[in-house]
Amino acid sequence: MRVNSLLDEHKNESYLTINKAGTIPTLIVGQDKIISGGNTFPLYLAGSFKNVSERLVPSDNRQTIETVLNWFYHKMMPETQRLVRLVVPPKVSGNKIQASLSASEMNSKKEEQINNIFAQNGSLLDVLEKRLISTTFIASNDLSIADIIIYCELSTIMALLSKKYTDDIARRFTKVSEWHDRMSELPHLKKYDEILKRIVAEYALQEKN
């Protein structure tokens, strides 16, 4: 079921019968229902489907993949999601704290978050850049579920921010840029990007500054 949270579809009775908490996402596979997020989904899929496990969470590299995912969920994602809440209009995100901030306060907080993600040294992308110096993909020389999850998060940020920041990635982080270009050619991720860009355009979510 596709649920548009921007239209509060996660509060509709049809969704609440599936997930009474009204939270997103919910994963249903056969008799299994998982109301969660973070590492739970990818590790469930890897444990339940042999082809997923062999292709995206191989046993000989599982520990490294889990380490990267833990870094993503505990370090990167909190910063990127704070930035999303600062960029996306309050009327869309329902962010009351954001709505109470003055324009100057919002810009200050936004720049702080952008620096946490995009700064040349010590930022989140700097961490990824250094990993990609010695490997083709994030966790190893082979594609893994860590690449897909981090790619989707980074693509969301790039779709929301103005061109000057996306240009910064290519200029400051050449390895991340090359990795992102490779990932964007994967068919399923191409489809994801198309849907994302359509949503950003439809709701005018891209930052104006």
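Author: One definition comes before the helices: a crossing is left-handed if the near helix is turned anticlockwise from the far one by less than a right angle, and right-handed if clockwise. Note that this is a predicted model.

Reader: Which hand does the crossing of helix 4 and helix 7 have?
Author: Helix 4 spans residues 62-87, and helix 7 spans residues 103-118. Their axes come within 9 Å. As helix 4 passes helix 7, the crossing is left-handed.

Reader: Is helix 4 roughly parallel or antiparallel to helix 7?
Author: The axes cross at roughly 150 degrees. Angles over 145 count as roughly antiparallel. Therefore helix 4 and helix 7 are roughly antiparallel.

Reader: How many nonpolar, polar and charged residues make the contact of helix 4 with helix 7?
Author: Helix 4 contributes Glu 79, Thr 80, Arg 82, Leu 83, Leu 86 and Val 87. Helix 7 contributes Met 106, Lys 109, Lys 110, Gln 113, Ile 114, Asn 116 and Ile 117. By class, the contact has six nonpolar, three polar and four charged residues.

Reader: What geometry does the aromatic pair of Phe 72 and Tyr 73 have?
Author: The count of aromatic pairs comes to three. In the pair of Phe 72 and Tyr 73, the centres are 4.9 Å apart, with 70 degrees between the planes. Both residues are buried. Planes over 60 degrees apart count as edge-to-face, and the pair of Phe 72 and Tyr 73 is edge-to-face.

Reader: How many residues apart are Tyr 151 and Trp 179?
Author: Their ring centres lie 6.3 Å apart and their planes at 75 degrees, so this pair is edge-to-face. Tyr 151 sits in helix 9 (residues 145-160) and Trp 179 in helix 11 (residues 174-184). The pair links distant parts of the chain, 28 residues apart.

Reader: Is Ser 177 buried or exposed?
Author: Ser 177 is found in helix 11. Leaving aside neighbours within four places in sequence, Ser 177 is in contact with Ile 169 and Ala 170. Its relative accessible area is 16%, so Ser 177 is buried.

Reader: Which elements do the buried residues of helix 2 pack against?
Author: Helix 2 covers residues 40-48, and its buried residues are Phe 41, Pro 42, Tyr 44 and Ala 46. These buried residues pack against strand 1 (26-29), strand 2 (32-35), helix 3 (50-56), helix 4 and helix 9.

Conventions
Residues are numbered from 1 along each chain as its sequence is written. This is a predicted model: local features need pLDDT of at least 70, side-chain atom pairs count only at pLDDT 80 or more; totals for chains, interfaces and linings use all residues. Side-chain values use heavy atoms; hydrogens and water are left out. Axes are lines fitted to C-alpha atoms, for helices over the stretch in contact, and angles run from 0 to 180 degrees between N-to-C directions. Helices (H or I, at least four residues) and strands (E, at least two) are DSSP runs, numbered from the N terminus. Angles under 35 degrees count as roughly parallel, over 145 as roughly antiparallel, 65 to 115 as roughly perpendicular and the rest as oblique. Contact means heavy atoms within 4.5 Å. Ala, Val, Leu, Ile, Met, Phe, Trp, Tyr, Cys and Pro count as nonpolar, Asp, Glu, Lys and Arg as charged, and the others, Gly among them, as polar. Rings of Phe, Tyr and Trp (its six-membered ring) pair if their centres lie within 6.5 Å; planes under 30 degrees apart count as stacked, over 60 as edge-to-face and the rest as tilted. Buried means under 20% relative accessible area, exposed over 50%, partly exposed in between (1.4 Å probe, protein chains only).
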